[in-house]
Number of protein chains: 2
Amino acid sequence: MTDVKSDIEIARAANKQPIREVAAKLGIAEEHLVPYGHDKAKITAEFIRSLEGRPDGKLILVTAVNPTPAGEGKTTTTVGLGDGLNRIGKRAAVCIREASLGPCFGVKGGAAGGGYAQVIPMEDMNLHFTGDFHAITSAHNLLAALLDNHIYWGNEQKIDTRRVVWRRVLDMNDRSLRQIVTSLGGVPNGYPRESGFDITVASEVMAILCLARDLKDLEERLGRIVIATRVDKTPVFARDIKADGAMAVLLKDAMQPNLVQTLENNPAFVHGGPFANIAHGCNSVVATTTALKLADYVVTEAGFGADLGAEKFFDIKCRKAGLTPDACVIVATVRSMKMNGGVAKEDLGREDVAAVTRGCANLGRHIENIGQFGVPVLVAINHFGTDTDAEIDAVKAYAAAMGAEAVLCRHWAQGSAGIEELAHKVAALADSGTAKFAPLYPDAMPLAEKIETIVKRIYRGAAVTMDKSVVDQLAQFAAQGYADLPVCMAKTQYSFSTDPSLRGAPDGHVVHVREVRLSAGAGFVVAICGEIMTMPGLPRSPSAERIHLNMQGYIEGLF
Amino acid sequence: MTDVKSDIEIARAANKQPIREVAAKLGIAEEHLVPYGHDKAKITAEFIRSLEGRPDGKLILVTAVNPTPAGEGKTTTTVGLGDGLNRIGKRAAVCIREASLGPCFGVKGGAAGGGYAQVIPMEDMNLHFTGDFHAITSAHNLLAALLDNHIYWGNEQKIDTRRVVWRRVLDMNDRSLRQIVTSLGGVPNGYPRESGFDITVASEVMAILCLARDLKDLEERLGRIVIATRVDKTPVFARDIKADGAMAVLLKDAMQPNLVQTLENNPAFVHGGPFANIAHGCNSVVATTTALKLADYVVTEAGFGADLGAEKFFDIKCRKAGLTPDACVIVATVRSMKMNGGVAKEDLGREDVAAVTRGCANLGRHIENIGQFGVPVLVAINHFGTDTDAEIDAVKAYAAAMGAEAVLCRHWAQGSAGIEELAHKVAALADSGTAKFAPLYPDAMPLAEKIETIVKRIYRGAAVTMDKSVVDQLAQFAAQGYADLPVCMAKTQYSFSTDPSLRGAPDGHVVHVREVRLSAGAGFVVAICGEIMTMPGLPRSPSAERIHLNMQGYIEGLF
């Protein structure tokens, strides 16, 4: 293993270009940028509108096998592939998600890639960045304040205060706020009721920002949010209490995508970051569509493994935004294949070709699944120093047997020089015209059937179970006019099943849908299978205790 | 009254200069700016450090009579005077506070001046601006999350969970969050306890940011925040749970002052905005001291009327930052003098010289009070169209009798052209060397005596009363080493007394101190006299309902 510096050391040593020079590579003139410092900028809505009618570049999705504690490096590979495509002379841009602030204070870690495949400035990206998430927090909580204020001043809408579904959000890991009672203290403080806070990335406003085409679409979607139920059981929308206009005003700047750069000074769009369980887990539609107008190749990623992330990318984001992906890269590592093959984390350093091959069942399943969407697949083996040639060959052989070529990539240690081969093959595949993208199910399929289709065809479960109350709820959504919405599955990311310990490629399992929720503004129905945490807590020894500014004013302890 | 456009129309028609050109007027090179868009920038900490040793310009405080519903125009006059000084050839800058987001959604209104004396971009200033308040919200709530997390994981510090004083904050008017119970829902969510949210401007972190000299001082002050009491009654500091480093990291950018411009393209520092009741109500020390190094005249303001704002500016901000003000301007209007003289709001349009003269008792009292700090005074009569010559003359005569010249100013309608006379007189007064600034009381005076001194000499009350529990609390603060801190009075802004309906110049009243609180990080003891609201609510018909983006993408309904 070569001697590699820490992520933050590499990032600080980077030869950063002024953001206007990075923008110029995509043909964006300085006047169309709103600078945030010298290394971050938003792209103006006016400029984005002016791009209408231009042809689109090729869209490449980077997804992964089911995550394991071994780490896969999906963002690292997305960034590396973008740099690799630029290296071989293609005009390419990457599109990734913004990071949530809260988790940074729990465990050390960043969300900007790693090694020599990073997006910079990484400190900003992991802290306030351009303020988008703060704006989402404000807009979300304004709606909450207006809702309680409406009840306080007479409740003209006849809201059933036991049936308020709109909670509040903070971009903070704070378990004490999960379940609270508000409006205590008597008459001046309103009517006490149970409520709670989620983390900002779990906000429907986040999902809406990431799916809205423009400000007008954003405002309409905000107005469609269901916040409560009336005494007569009809839904109360955000527009019913006239919250949509002010929320859109708060989100005006946040809607403009952010441009930063990779370590190799290539353009990176970093915009939006919805949860990949109760939301769809992709960067914003605005960023992706803008990048497609400006670059010949756009490399983007989706949350978690391909069973959750890629499925939602195809069935929610691409369906709704009219995107047609041209190629897909599944990231796998020898280590994660070993863990999928039953090896414990502490034994990952020891060669075990048989375990790798066993674990490749997980990879193989994902290769098959992507094929169901009509998108051609390559596998990126994200190289670790402990990998042996025999293990790498085992992954390649397995992938080849499944009809996908696996390419070894050393971008983490070498930057774009380590991923040239994959870049050539991805460009060729994307240009080949072999993609025949189609979502997994049609809009018109009934909601319960959509869930069943995903469970059976993607998760390979034998059956879906749900209580009568859930069946009734789906029927009610359909009756209210939401039958055509896609379904957003919320289940564990660690397994095809709902049992996180079931690695590899399980089948025949039963998936129980515990609850369904309507995200009418975002435009999907969430099916919750198992416990989904929407407000994380901090660990016993949170990294916040070690984060500080050193004598030079640099941030320490965050990465 | 001349035909004057609305604030927002004037602001939008402004001939805005790129912020680097505005900065150049103060000798700030572009490399020392961190741009936020093309019209806002932060000034780097490195550049600020490089200014050490430079001589300071003259410091001019703009304060006001006690506020009335008639409006006085303190920020408008601060901005106008800055423009006026520039107009007469002086290198001048203004230093004002940032606006809070929450109240914008309650009642229509801005905090960037008005008419032809405004700071721009006004929309940004009233919304997210450069994200400072969001950073303060995050840092404050991180401390709260770490505190509850500490208790959750075993409470090593033996915190008495009934005696946690650190609450949470949001920059939102939300009465339902004033009093809540947190950590419901069983073991995974922690130990239920009573708590609540304040608005962000009421956060001690806000006061700390505004009083800290630099990042190191900031971190030390954050560490000194008292968050709870142990079972053994000793105070628990933020540093005891190792929160100070991460909080400082979150506030790193927010500590750098913001530079924007007036309508006449003169430099304006807009930085920090603590409450003027439970905190000291001034813009940041860093902004003021930076402006003093760069401009020959710095015009700044303090919250509410002079009894609260100017007293705290002198006794807290100037004392602690070593600032020596050279002149003071008290803003008065004919209308506010009339209201102080007993006229109802609906009758303000009718000439009433006798009422004006009666009301001037309020102005006269403030003139006297400023004199006690050794700072020479001018009065700015902020002109309204309904003012008559006889009324204006009455104010001038009263002020003259009190030893202060009153100057009629028409900056609201005319910009700097309307305030030339005041600018000349302020410059001459500041240059005269007549100021002999000293705080009202020495550090060594006992805390209770400090309160009494302010009440008797500034409020002209006859006596201070406090329950034994408050007396004991002050003794405890002293025993803990806080005897030398200044006192921050929290009382109504509408009267010298604690009765908001008592206008004019009451005396002989009794001031009851209901509660005292220690802001050990900010460095003052708060004495609360009467009801102080730290989390506002929204009105029956909040302005949020009318705020929206129009077809051109402009914000409507905010101003």
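**View 1. Confidence of the predicted model.** The average pLDDT of chain A is 96, and 99% of its residues score at least 70. For the complex, the predictor reports an ipTM of 0.97 and a pTM of 0.97.

**View 2. The two copies and the axis that relates them.**

**View 3. Extent of the interface between chain A and chain B.** On chain A, 63 residues are in contact with 63 residues of chain B. The size of an interface is often given as the accessible area lost when the parts come together. Here chain A and chain B bury about 5600 Å² between them, and carbon and sulfur atoms account for 65% of that area.

**View 4. Polar contacts and the elements on the chain A side.** Across the interface, 31 residue pairs are in polar contact, both residues of each pair having a pLDDT of 80 or more. Several elements of chain A each supply at least two residues of the side that touches chain B. The helices are α6 (132-152), α8 (215-224) and α9 (244-251); the strands are β1 (33-35), β8 (168-170), β9 (180-182) and β25 (548-549). Helix α6(A) gives the most, with ten residues. By residue type, the side of chain A that touches chain B divides into 34 nonpolar, 18 polar and eleven charged residues.

**View 5. A salt bridge between the chains.** Side chains of opposite charge can pair when their charged atoms come close. The interface of chain A and chain B holds two salt bridges by the rule applied. In one salt bridge, the side chain of D174(A) meets that of R168(B), with an N to O distance of 2.9 Å.

**View 6. A salt bridge within chain A.** Over all chains, the count comes to 64 salt bridges. One salt bridge joins R514(A) and E531(A), whose closest N and O atoms are 3.2 Å apart. R514(A) lies in the loop between β22 (510-513) and β23 (515-519) of chain A, and E531(A) lies in the loop between β24 (524-528) and β25, so the pair ties together parts that are 17 residues apart in sequence.

Definitions and conventions. Residues numbered from 1 in each chain as written. Chains lettered and ligands numbered in written order. Heavy atoms only, no water. Contact = heavy atoms within 4.5 Å. Buried area = accessible area lost by both parts, 1.4 Å probe. Salt bridge = Lys/Arg side-chain N within 4 Å of Asp/Glu carboxyl O. Polar contact = N/O pair within 3.5 Å; in protein donor to acceptor, adjacent residues only side chain to side chain. Helix = DSSP H or I, 4+ residues; strand = E, 2+ residues; numbered from the N terminus. Nonpolar A, V, L, I, M, F, W, Y, C, P; charged D, E, K, R; others polar. pLDDT = per-residue confidence, 0-100.
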